[in-house]
Amino acid sequence: MKKIPKTKKIFILANSDLFFKQHIYCIFDKYIYSTKIYLISSKNNSFNSNSKNIKNIPILISRFPSSKDIFSIMSYIILRLKIRPDISLSFTPKGGLINAITYLFPGKTVHYFTGQRWATFKGLRLFLFKFLDLIIIKLADKIYADSFSQSNFLSKTLKVKKPSVIHYGSLSGVDFNLFNPNLTMLSDLKIDQIEKKRFQVFTDFINFKKRSKNNTLFGYVGRINKDKGVDLMIKTFKKHLEKFPLDRLVMIGPIEISKNYFSELIANNNSILHLDFTFHPNYYYPYFNILLLPSLREGFGSVLIEAGACGVPAISTKIPGPIDFITHMKNGILIKKNSRSELESALELASKDKNLIKKLGLNAYKKVKEKYSREIISKKFFEEFNII
C-alpha cells in the first residue's frame with residue numbers, strides 16, 4: 001500500500017467492546033490530535049480523553065456467526081458512505097470480515113490480527129476459519145499482526161505475504177505509571193467498593209502479612225477458557241500441591257467455559273482462588289512470584305509484558321506470540337504446548353529456585369522497559385496511520 005496521506009478520519013472496528021477497553025482506548029488516552037477517530041463496536045462505551053475528536057458509534061455486531069450479520073454489514077456500508085473515512089481499520093475476526101466485505105466503499109481497508117481462533121481447530125471448521133482469514137487478507141489493502149512470530153505463522157500457514165508489525169509488536173504496550181513492582185495496599189485504593197472487596201478477598205487469601213517465604217504464589221490473568229490451557233493448568237497445579245502444599249494459585253478473569261465444569265475443577269481446594277474480571281490487574285501482578293500462561297494460542301500475550309513491568313516473569317507455552325517476548329531461562333520459562341509434564345517441572349522449578357525466578361523477573365522488567373513503553377508504542381501507532 002502506498003504511503004497514506006495525513007489521516008483526517010479513521011474508523012476502528014471490532015466486535016468486542018471489551019477489546020476496545022483493554023487495548024484501544026489506552027492508545028489514544030492523554031494525547032491530543034486533530035484526526036477524527038470513530039470507534040465502532042457493539043456498544044456505545046463512554047471514553048474520557050483529552051481529545052474531543054473521538055466518537056463511539058454502536059452497531060449491531062456479534063462475536064459468533066449469526067443471521068444478524070447482514071445488518072452489521074449494511075450498517076457498516078452506510079457508515080463508510082456517510083462519513084467517508086480515510087482508513088477503515090479492523091480488529092477481531094468478525095470485525096475483519098465485515099471490513100473486508102465492505103472494501104469497495106470509502107476508506108483504505110486495513111486489518112490487524114491479534115491472534116487466530118482457528119489455531120486449535122481441526123477438520124472442516126479449521127478449513128472454514130482459515131478461508132475466512134484468507135478472504136480478509138486478500139481483500140484488505142494492508143495487513144498487520146501484533147507479533148513477529150504471529151506474522152511468520154500467518155505467512156507460512158496461509159501462504160501469504162508476512163503481515164506488518166509495528167515497532168516490536170504488542171498493540172498497546174504498558175503504562176509504567178500503572179504497571180510497576182510497587183505493592184498496592186488496600187488503604188491506597190481509591191476505586192469502587194466492588195474492586196476493594198475483590199482486593200480484600202485476594203489479600204486475605206494470600207495472607208500477605210503472614211506469608212511464608214517458602215511458598216510460591218502463581219498467578220493467571222485472562223479469560224478462563226480451554227484455549228488458554230486453564231483446565232491443564234489447574235489439574236497440574238493440584239498435582240503440584242502434593243509436593244508443595246503451601247503454594248497458591250490466583251486466577252483472575254471471566255469464565256468462558258461451563259461454570260459447573262470450572263467449579264468441579266477447583267472444588268474443595270483452598271489453595272486456588274478465582275476472581276472475576278478486573279480493569280485493575282496492576283494491583284495484583286506485583287504480589288505474584290510468577291505468572292502462568294499455558295495457552296494453546298496467542299496473538300502477542302499482553303499479560304506477559306504487564307507482569308514483566310511488575311518484575312514478574314512467566315511460564316508460558318512455546319507458541320507464536322509469547323516467544324517474541326520470552327527467551328527461555330533468561331526472562332521466563334517456555335514449555336511445550338499441552339504438556340502436563342513440562343508444566344509440572346516448571347512449577348516445581350519455580351517453587352524450588354527463588355533466586356532464579358527473581359533473576360528472570362529482573363530481566364523481564366528490563367526488556368519491557370526497553371521495548372514496550374505504551375508512550376512509544378502509541379507514538380508508533382500514530383505515525384503508522386498518520387494520525388495527527
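## Salt bridges

Nine salt bridges are present in the structure, which is a predicted model. In general, side chains of opposite charge can pair when their charged atoms come close.

Lysine 239 and glutamate 242 form another salt bridge, in which the closest N and O atoms are 3.4 Å apart. Lysine 239 has a relative accessible area of 37% and counts as partly exposed, whereas glutamate 242, at 61%, counts as exposed.

## A network of salt bridges

The side chains of lysine 243 and glutamate 348 meet at 3.3 Å, N to O, in a salt bridge. Lysine 243 is located in the loop between helix 7 and strand 8, and glutamate 348 in helix 11 (residues 340-352), so this contact ties together parts that are 105 residues apart in sequence. Lysine 243 is exposed, with a relative accessibility of 56%. Through shared partners, salt bridges join Lys243, Glu348 and Lys352 into one network.

An open sheet is formed by six strands in the order 3-2-1-4-5-6, with parallel pairing. The edges are taken by strand 3 (54-58) and strand 6; each has a single partner strand, so one side of each lacks a neighbour in the sheet. From one strand to the next, the twist averages 20°.

Strand 2 (residues 36-41) pairs with strand 3 in the parallel sense over five bridges. Opposite serine 41 stands proline 58 of strand 3. Strand 4 and strand 5 are also paired in the parallel sense, over four bridges. Leucine 89 has valine 110, in strand 5, as its bridge partner.

## Strand 5 and the helix across the sheet

Strand 5 is largely enclosed by the rest of the structure, because five of its six residues are buried. Helix 3 (residues 93-101) lies across strand 1 (9-13), strand 4 (87-90) and strand 5. Relative to strand 4, helix 3 runs at about 150°.

## Aromatic pairs

The structure holds 29 aromatic pairs. In one of them, the ring centres of tyrosine 112 and tyrosine 144 are 5.7 Å apart and the ring planes stand at 20°, so the pair is stacked. Tyrosine 112 is in strand 5 (residues 108-113) and tyrosine 144 in strand 6 (residues 142-145); the pair links distant parts of the chain, 32 residues apart. Tyrosine 112 is buried, with a relative accessible area of 1%, and tyrosine 144 is buried with a value of 1%.

Both tyrosines belong to a cluster of residues linked by ring pairs. The members of this cluster are Phe19, Phe28, Tyr31, Tyr33, Phe91, Tyr112, Tyr144, Phe381, Phe382 and Phe385.

## Charges over rings

## Positive phi angles

Lysine 159 is a residue other than glycine with a positive phi, near 60°. Lysine 159 is placed in the loop between helix 5 (148-158) and helix 6 (193-206). With a relative accessibility of 72%, lysine 159 counts as exposed.

Asparagine 386, although not a glycine, has a positive phi of about 50°. Asparagine 386 lies in the segment after helix 13 (374-384). At 11% relative accessibility, asparagine 386 counts as buried, whereas lysine 159 is exposed.

Definitions and conventions: Residues numbered from 1 in each chain as written. Predicted model: local features only at pLDDT ≥ 70, side-chain atom pairs only at ≥ 80, totals over all residues. Heavy atoms only, no water. Phe/Tyr/Trp six-rings, centres within 6.5 Å; stacked < 30°, edge-to-face > 60°. Helix = DSSP H or I, 4+ residues; strand = E, 2+ residues; numbered from the N terminus. Buried < 20%, exposed > 50% of the residue type's maximum accessible area, 1.4 Å probe, protein only. Salt bridge = Lys/Arg side-chain N within 4 Å of Asp/Glu carboxyl O. Pairing = 2+ DSSP bridges. Axes fitted to C-alpha atoms, helices over the stretch in contact; angles between N-to-C directions. Contact = heavy atoms within 4.5 Å.
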